[in-house]
Amino acid sequence: MAVPARTCGASRPGPARTAFPWHDRGPRPGPGAGRRVARPPRPLSLLLPPLLLLPLLAAPGASAYSFPQQHTMQHWARRLEQEIDGVMRIFGGVQQLREIYKDNRNLFEVQENEPQKLVEKVAGDIESLLDRKVQALKRLADAAENFQKAHRWQDNIKEEDIIYYDAKADAELDDPESEDVEKGSKASTLRLDFIEDSNFKNKVNYSYTAVQIPTDIYKGSTVILNELNWTEALENVFIENRRQDPTLLWQVFGSATGVTRYYPATPWRAPKKIDLYDVRRRPWYIQGASSPKDMVIIVDVSGSVSGLTLKLMKTSVCEMLDTLSDDDYVNVASFNEKAQPVSCFTHLVQANVRNKKVFKEAVQGMVAKGTTGYKAGFEYAFDQLQNSNITRANCNKMIMMFTDGGEDRVQDVFEKYNWPNRTVRVFTFSVGQHNYDVTPLQWMACANKGYYFEIPSIGAIRINTQEYLDVLGRPMVLAGKEAKQVQWTNVYEDALGLGLVVTGTLPVFNLTQDGPGEKKNQLILGVMGIDVALNDIKRLTPNYTLGANGYVFAIDLNGYVLLHPNLKPQTTNFREPVTLDFLDAELEDENKEEIRRSMIDGNKGHKQIRTLVKSLDERYIDEVMRNYTWVPIRSTNYSLGLVLPPYSTFYLQANLSDQILQVKYFEFLLPSSFESEGHVFIAPREYCKDLNASDNNTEFLKNFIELMEKVTPDSKQCNNFLLHNLILDTGITQQLVERVWRDQDLNTYSLLAVFAATDGGITRVFPNKAAEDWTENPEPFNASFYRRSLDNHGYVFKPPHQDALLRPLELENDTVGILVSTAVELSLGGRTLRPAVVGVKLDLEAWAEKFKVLASNRTHQDQPQKCGPSSHCEMDCDVNNEDLLCVLIDDGGFLVLSNQNHQWDQVGRFFSEVDANLMLALYNNSFYTRKESYDYQAACAPQPPGNLGAAPRGIFVPTIADFLNLAWWTSAAAWSLFQQLLYGLIYHSWFQAEPAEAEGNPEVRESSCVMKQTQYYFGSVNASYNAIIDCGNCSRLFHAQRLTNTNLLFVVAEKPLCSQCEAGRLLQKETHSDGPEQCELVQRPRYRRGPHICFDYNATEDTSDCGRGASFPPSLGVLVSLQLLLLLGLPPRPQPQVHAHASRRL
């Protein structure tokens, strides 16, 4: 078969020019031309041939051309390296910028970051901040105990006797169906005026407190009214605290009765649906109300537990799990004749969010069968609590048993495992409507320092699954001052809109006695809390002296981060704390595990490590050096760390004392100078207190200029360090324009723009028109190209993200730009630092043409030579682009340049989407390494469940025969169904109406989820490499080589000619995931420490109050009303209920 004559050159072509114009390349085909349709992937295997055979192998279909020899391709690589280096030397201006800095040496000083001193100072500042809150907490707790002790209980107290601001009043007035809208029910509620306060991000009233009472608690009960009466006196203490410390945020008293009184007053942020907020279930309350817990939940799943009772038990277990925090450990088991764990967890595990999720899902699979065997259940629970070979809380030990009743007291089990010391408390829960004798259940609880509860219907679940905290609080109350220790919580979302906060908590004890000579009261009154916004703590850390890649972080005893630049939850659930582990906030390795352990143990330390970091856009991985320094924050459970790259040991501090020079440089910020000096973007930093922020950089610059016309850079209301550095960098980058950019013709070298960005917050883009298409973050510290350039030597290529290529012809004069950047390293008096990054923006299409020629067997001036039948020529990337694929891929595996015109619109895509089997071959041959990690802070759209009906789910549905049977109407089943329908209005999760509401509803919010991330980075292979992709009859030759001083891989390969060469595709895209297998993770738990105090025993504890519940059968009148309501189809209206123990009488 005759082959058309094509140009070819010598196998060792001459050197290419460093840089040259391309005016005669002719018209360029547009992106998208000739796009190939992808075929289904098929298996692939790789064979490595002897390199000597490669020159003898010719490309199929082109018999006159052989695959390029290795030395030929190495030569092409050198030409590419020279071309890139030449353009960057001419236009990047690295050397020139160094000289500019040296010429202006008198305008700045070089300061040093001393890690140990710096981290100790910040830790001390945070300690002082929190200590002020601690003093306010102690004043509040002492005052509350004294007010309650002096309070006289009133049996006949009435609603109109109590005047307070009901935080939910306004929302309830807007709800015509609210029970409080009835006439006369608002007589005791204040109506307040509010003012906007930026500190609270809310409207507040500083003269009053506000009260929030849970929806399922009757506001008019005697217990609640007495609680409102004595807590009113706290208002003056709140106000005095704020007078002493105006920076105080929310001050809150959470009562054990469910009442929340907080200051300053603000309307409650009522949800669109039913408000389920109960202070006793907030993370801060749970932590402050009791010491850590080791809990085993056992659930009776014998045959008598079926239908509604089993569903009540499942819901009760889930609600019980919600009363546990990360300081607690738990396991859940079901039992009949035998006991077995409901999940894959075979021992106690930390009650963190992910483990509790596993339990909740597993509980739903419980099935009732067999006979009741209390002995099997309790023996399993005691064995769990006696296992000392696992990590656990080692404090309060308890068993929670849910059953429908039974006769066995299993006294022999208690004698064997728990008596006489009774170190394990037993709480029993009688669930459902039944006629069993509950005496054995009461006895079990009373004989083991626990409590007996009844859960006859869904409405009793929430209150009775949290009341056990009162019992656990007894040893704390009896310990007195010893137990009055402030604890600081995990990070969580504030229910009133402050954002992420931590809370200092202090328990409040009942100091009264039941009578002269009587024993001391054992009740915990509640928990006092004061919020500290994370932003207030962040303000104490250095902002911009640490450089773009330096940062401060803090962790607690669980290893969860309190401060970290990667703590960015996309969505938060106010019912759960934000628990991001330090090893999940960063890429985990052995060094970081050691650092984390040392910090948790409260040690000081310093360590330099080589580690992996993700880029800001989460597309790349860099291997970098980092210095970690850490110290404990005294008087807290926190530890503070500082991370510095070696190049951030020093930083520049401008010293612009010459006001004439200040004015001169400032003029280069004016838009009128942009046409000649290039467009300037300024970082949106807090330069001055009165500077109005804006997401639009043009508007922000305008606001900045207007303010600077009124104040000077040395004004006290401004950050002088930030302002001086900004103005200095404005002048320095302008000198770069003057010395380098202005006299160069960018079009000659196919450049769309040149740019410089600095630590001082300036990004200058030249020429001015290029700023129209500039999409990088105006804050250099938040720009991926800037941070990666600092961490990498040489030139860093950044192709546009594929999302930017949806309409490529509308970008930058019908082309696409590729950023190439490099850091400017200064050495001043032996001190090295990197204060700036410079770069160019390449015209994709022009550089794709240039790439072809540089990777060819000719130079621009060569005359074409004919390759006849008797001569043998090597293929190249220009002449033979129909048979040879030539690409540049960056270190993340993204396509940068290609000799295939139809791939221009795929630049920026992960290369596996372009050529799956070639990318797989590069990965299998160690050119790339893969790193997988999980993002626990992602947000996902809610997924509708399989059942799309809007009928109630999980409830007992009577049959027609039941309706026709009069006996059924007088049974417990009918009564329980009635209560379930009532409380279904409150506990909306029992109904399946969400999908119908969710459709097209803008109020439906995203929920938190786990996303699996996969990044690729350069592997261990640095040399030139040849290989064959063997697919039977259709093998492919390829060559790959790293380009020196860049983040690029040069790849030359034969184009695939048959489908057998298709392969499985590597994935880089973020995907939804359930996270790592929890059942495996709990076998190797991460190191943690619990609180150093534990109050689980006191010899004087009175355990006689252990629950004496009784059943309350419905009256005949109620049953008749129920029948009429069901027959008429009218929804019953819930009546006010009092949910408080008789022992809660104050």
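**Labels and their grounds**

Tutor: Leaving aside neighbours within four places in sequence, phenylalanine 427 is in contact (heavy atoms within 4.5 Å) with Met398, Ile399, Met400, Met401, Gly450, Tyr451, Phe453, Tyr468, Val471 and Leu472. This is a predicted model, in which local features need pLDDT of at least 70 and side-chain atom pairs count only at pLDDT 80 or more, while totals for chains, interfaces and linings use all residues. Residues are numbered from 1 along each chain as its sequence is written, and side-chain values use heavy atoms, with hydrogens and water left out.

Student: Why does phenylalanine 427 count as buried?

Tutor: Its relative accessibility is 0%, and buried means under 20% relative accessible area, with exposed over 50% and partly exposed in between (1.4 Å probe, protein chains only); phenylalanine 427 therefore counts as buried. The residue is placed in strand β14, residues 424-431, where helices (H or I, at least four residues) and strands (E, at least two) are DSSP runs numbered from the N terminus. Leucine 441 is 14 residues away along the chain, and its C-alpha atom is separated from that of phenylalanine 427 by 8.8 Å.

Student: Is serine 676 buried, exposed or partly exposed, and what does it touch?

Tutor: Serine 676 has a relative accessible area of 38%, so the label is partly exposed. This serine belongs to helix α20, residues 674-677, and, not counting residues up to four places away in sequence, it touches Val737, Arg742 and Phe766. Valine 737 is 61 residues from serine 676 in sequence, yet the two are 8.8 Å apart in space, C-alpha to C-alpha.

Student: What makes asparagine 490 buried, and where in the chain is it found?

Tutor: Asparagine 490 is found in the loop between β16 (487-488) and β17 (491-493), and with a relative accessible area of 13% it is therefore buried. Among the residues it touches, with those up to four places away in sequence not counted, are Gln287, Asp326, Asp556, Asn558 and Tyr560.

Student: How do you know that α3 and α6 are roughly antiparallel?

Tutor: Helix α3 (residues 115-150) and helix α6 (residues 234-244) pack at an angle of about 165°, with their axes 10 Å apart; the axes are lines fitted to C-alpha atoms, for helices over the stretch in contact, and angles run from 0 to 180 degrees between N-to-C directions. Angles under 35 degrees count as roughly parallel, over 145 as roughly antiparallel, 65 to 115 as roughly perpendicular and the rest as oblique, so α3 and α6 are roughly antiparallel to each other. The contact is made by Ala136, Arg139, Leu140, Ala143, Ala144 and Phe147 of α3 together with Leu234, Val237, Phe238, Asn241 and Gln244 of α6. By class, this contact has eight nonpolar, two polar and one charged residues, where Ala, Val, Leu, Ile, Met, Phe, Trp, Tyr, Cys and Pro count as nonpolar, Asp, Glu, Lys and Arg as charged, and the others, Gly among them, as polar.

Student: Why is α8 described as largely enclosed, and how is α8 set against α9?

Tutor: Of the 14 residues of α8, 13 are buried, so this helix is largely enclosed by the rest of the structure. Helices α8 and α9 (residues 353-363) pack at an angle of about 175°, with axes 9 Å apart, which makes α8 roughly antiparallel to α9. In this packing, Lys314, Val317, Cys318 and Leu321 in α8 meet Lys356, Phe359, Lys360 and Val363 in α9, and the residues divide into five nonpolar, no polar and three charged.

Student: Which omega values go with the bonds from tyrosine 263 to proline 264 and between phenylalanine 766 and proline 767?

Tutor: The bond from tyrosine 263 to proline 264 is cis, with omega near -5°, and a cis bond with omega of about 0° joins phenylalanine 766 and proline 767. Proline 264 lies in the loop between β8 (260-263) and α7 (283-289), whereas proline 767 is placed in the loop between β29 (762-766) and α23 (784-791).
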